Structure formats: structure tokens, C-alpha cells
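Here is a briefing on one structure.

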Amino acid sequence: MAPAKKRNVSSKANVKKIKIDLEGIVERILKSRKHANDVFDILEFLQSEKEKDITCAVDACCKLFCTFLKRKDLFIGKLPGEDEAIKGEHSPDEKYKIFMRHRYNNCVEILLEHLNHETHGVKESALCCLMKFAAGQGLHPLEDLDWSEHFSFPRELIQAVVHNILSQSSDNSLLISRFQEFLEMEDVRYYVMSSIRDNVATVMDKSKGVVLPVYQSNVFTLMLNINMPSQDSELTNFMVKQEAKHEDWKAAKLHDHKRAFERMWLGFLKYKLPNSMYKKVLVILHDSILPHMSKPTLMIDFLTAAYDVGGAISLLALNGLFVLIHQHNLDYPDFYKKLYNLLEPSVFHVKYRARFFHLANLFLSSSHLPVYLVAAFAKRLARLALTAPPTALLIVLPFIYNLIRRHPSCRVLIHKPSSEDELLEDPYVMKEVDPALCHALESSLWEIKTLQKHYHPDVAKAAMLINTPLSEQEDDISEVLEITSYELMERDLKPTESKSFPLEFETAAHLLERRGEVLGQHFCLA
């Protein structure tokens, strides 16, 4: 144990010594230009294999070059090559600034590479240093432009940061969560959204649209961390405040933020995604994406493509389509036809069953739906109920009853008057994909009658309700949406407690007690 402890102390001492040495080098360089070549010592530590050496060097570089930016000791304008600067007719002052500008560029390149370092501590240090450089360049631009006509912002540096964060080989979700702090600044957010759109187009076109799970996961995580403002008055936090015409800057306008947000998402979603990512996008679509788009109906292509994937993804896609129809007046005549075709036996056995029936109940809540459509849904659910598990039947039966309550014209499905020419076969066509052509109104809900003989008493009891006039009040299906087979079995195995049952007469609860008192008085008198 003792030697290990000694090594730890030695290691800490070495780190402290390196830190002091680097701070001393920075002070010498800042104090006198004759020590300019000492900057190579800092850059050498910056490329070390030891994490502590790198983080100490990052801090040193951050202090050194941020000070140079403030002092304007870095060359401003189109940077000439180092050989050209030495041979050219530049003053000693210009040569020094050109030299240091090249060292600054070297430092930035190394830090960008460190954004994909295997150690998170190095990644985080490099990211924070680069964003400090970005803030310094915003205040003290390295471009020689007329800033009364242009807006100063380090777009190229932000683009390079985004490019390296969106790795194609390593999961950078932890680094992206650290980057969220900078996304709270309006101008950073605006240019990051533009950078994401450009980067996605470049990478996905290069891969010819092939799914890149790691890369697309990083992109999705970064976009998910973007919190959009809802009003122009909220645009107050800027990394760079423009000295002139700040209000004319695109980064200061909510309308341009929405356009950048919209283009970013549309540019990402136009490529094929991993199946798991479709679900993640569709779950947040109506809350986190559509409200911040200037034209939400542009999502129709993505939603249509997502529906074709099948399964839970199709259901979630219909949820997005429903929002566009209901809130944005989208004309989508095949919506209910697609929902009808999602009614398959598999919906009773998958984990998204509760969400399916919750959304289906929402979609079919309108009282203005045509009778044939509601009848088709009720009949299809009744047919599927013949092979459904008890937990699903406790959802399906109240669901069908609610449909009939909302649309009294569908009561014809419950009672079919017997006649001499009554058909012996059910006219309903289960395989028909169009609810208008399935002949549901010509049939009846005989399946529910069959379920009255179900082995599970709760199901049989629920099916018996169709024999009595249905009440006007709808059943609340939310209580049974999440019920599992285990919970149902546990409920059945519980010992039944004595319950009070409703009677048609008032019970004489105190009759025997009263009689006992009278008898007691007789005995006392005797």
C-alpha cells in the first residue's frame, strides 16, 4: 500500500509542476515577444498522451490566445503562409502576429481533434476552450471586413466544432449535454442549427443515404438539446452583441430561428433513419418539433414514409398526421383508412398497446364521423376480440361500447330483427382494407355474444352489458389501459372481502337488537 500511495503523491506533484511550468511559459510569452517560440512547448504538451498534461495545456492555451485576441496580437485578415511572411516585406510586428496566428490555428486544430478523444475530461476541456475562442473571435474578429456592413460571428469555428461533435464512430451524448450550456445563447443556437443542416447533407450524401446509427444518434441528441424561444422578446442572451444593426441580424429574429429549425429537422428527416430513432422522433414530434416550425405541414412526407415502416412506428406516425389534420388543416383523406388497417391481432400483444388504444380513442372521439366508418371499427375490433387475451378484452369491450354511445346509429349492430330471409353467413369482409367496403353495417356484433361464455368471469361480465340498454355516460378506459396479465391474476387470487350489495328494500338492521332489549326488561321484572 505504501508504494502506491507514494506514486499517487508523486503523480500529483508532477501535475502540479507541469501546471506551474506551463503558467510560467504563458507569462513569459505574454510579457515579452522574444519568448514567442516557447509556444511550441505548450503545443507539445497539448498533444501529450496523458490526460492531465493535456488538460493543463488546454488551460494554458486558453489563457494565452484569449489574451492575444483581446490585445489584437493575432494577424487580422487573409493569413499569408509562414514562408511567405518571412520572405515578404512585412514589418517585425506583422511577422510576429502572423507567426502567432498560425500557432493559434494549430492550437484550434488540435483542440478539434480532442473533441473525439477517448477521455471525456479532455473532450470537455477542449470544448470549453474552443467556445471561449469563439467568444473572443466574436468580440475581436480575425477577418478584415467592414463591420458596419457585416455581422461579426465566428461561423467557421462553430461549424468545425459541430462537425467534430457529430462523430460517426463514437457516442458523444455526454459531450453534447455539456454543449447544451452554449446552445442557450441565441446566436450560437442559430449558427449551430445551420451547421447541423449542412453537416447532415454532406455526410449523408457521401454515404449515399445509408443508415449511420452512431452519427444519426449524435445528430438527434444534439438537435434534441436545442430549446427554441417562443417570442422575439426572449431573444436576449447573445454570445456576440453586434455593434451596429443588431436588430437586423438573422440570429436576433425569431422568424429566422424558426426557418433554421425547420430546415435542420427536414434536412435530417429526409434520410432513412434507424427504426428505433423513428420512434424517438415521432414521440416528441407534436410537442417539441411541430410548434416551432413555420410550416408544420412540410412534415407530411416524413410522416407518410414513417407510416410505411409498419408496427408501432405506423401508429406514432398517424398521431403526427392527426395533429396536422386537427391543428393545421391538413387534408389527408386516407387517415382513417390507414388507422383501420393497423387493427391487427398483434396490437393486443405488444408493449405499445395502451398507447394505441389511447390514441385510437382520441382519433374516433368526433361525433361527426360517418356511421359506416365507426361501424367498421367496432366490427373489426369485435372480430379481433375472439382471439384476444383477457387483458385486451377488458379494453376492447368498453371501447366498442363507447363507439356505440357516441354514434347511436350504430346500435343497429347490437340488435338485428330476425326475419325469414336472415343470412346464415356474416356479410362482414375482414380482409377488406377499405372500411367503406367491408359491409360492417349489414352485420352484427355476434362476437360479443360469444364472449359472454368466456372463461374469464370479468370478460363474460363485460360482454353481458350488451344485453342491457347502454348508459349515456362513456366508460373510462384509462384505468384498464396499462393492466397486465400478472395484475389480473393477482386480483383474481385475492380473497374476496365481504361487500354490501344493493337491495330493493330497506334492511331492518336494529330489529333484533330492539327485541333483545324488550326481552331483557321482561326478565328483570320477573
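How are helix 12 and helix 14 oriented to each other: roughly parallel or roughly perpendicular? The angle between them is about 25 degrees, and angles under 35 degrees count as roughly parallel. Helix 12 and helix 14 are therefore roughly parallel to each other. The model is predicted.

**Helix 12 against helix 14**

- Helix 12 spans residues 275–289, and helix 14 spans residues 311–328.
- Their axes lie 9 Å apart.
- The crossing of helix 12 and helix 14 is left-handed.
- Helix 12 makes the contact through Asn275, Tyr278, Lys279, Leu282, Val283, Leu285 and His286.
- Helix 14 contributes Ala312, Ile313, Leu316, Ala317, Asn319, Gly320 and Val323 to the contact.
- By class, the contact of helix 12 with helix 14 has nine nonpolar, four polar and one charged residues.

**Helix 5 against helix 7**

- Helix 5 covers residues 92–114, and helix 7 covers residues 155–165.
- These two helices pack at an angle of about 25 degrees, with axes 10 Å apart.
- Helix 5 and helix 7 are therefore roughly parallel to each other.
- On the helix 5 side, the contact is made by Tyr104, Val108 and Leu112.
- On the helix 7 side, the contact is made by Leu157, Ala160, Val161 and Asn164.
- By class, the contact of helix 5 with helix 7 has six nonpolar, one polar and no charged residues.

**Two residues of helix 5**

- Arg103 has its place in helix 5.
- Arg103 has a relative accessible area of 4%, and buried means under 20%, so Arg103 is buried.
- Not counting residues up to four places away in sequence, Arg103 touches Val39, Phe40, Leu43, Phe65 and Glu82.
- Asp93 also lies in helix 5.
- Asp93 is partly exposed, at a relative accessible area of 32%.
- Asp93 and Phe75 are 18 residues apart along the chain, and their C-alpha atoms are separated by 9.5 Å.

**Cysteines**

- The structure holds zero disulfides.
- Which cysteine sulfur is closest to that of Cys62? The closest one belongs to Cys129, at 3.9 Å.
- A disulfide needs sulfur atoms within 2.5 Å, so the sulfur of Cys129 is too far from that of Cys62 for a bond.
- Cys62 is buried, with a relative accessible area of 10%.
- Cys56 also counts as buried, at 11% relative accessibility.

Methods: Residues are numbered from 1 along each chain as its sequence is written. This is a predicted model: local features need pLDDT of at least 70, side-chain atom pairs count only at pLDDT 80 or more; totals for chains, interfaces and linings use all residues. Side-chain values use heavy atoms; hydrogens and water are left out. Axes are lines fitted to C-alpha atoms, for helices over the stretch in contact, and angles run from 0 to 180 degrees between N-to-C directions. Helices (H or I, at least four residues) and strands (E, at least two) are DSSP runs, numbered from the N terminus. Angles under 35 degrees count as roughly parallel, over 145 as roughly antiparallel, 65 to 115 as roughly perpendicular and the rest as oblique. A crossing is left-handed if the near helix is turned anticlockwise from the far one by less than a right angle, and right-handed if clockwise. Contact means heavy atoms within 4.5 Å. Ala, Val, Leu, Ile, Met, Phe, Trp, Tyr, Cys and Pro count as nonpolar, Asp, Glu, Lys and Arg as charged, and the others, Gly among them, as polar. Buried means under 20% relative accessible area, exposed over 50%, partly exposed in between (1.4 Å probe, protein chains only).
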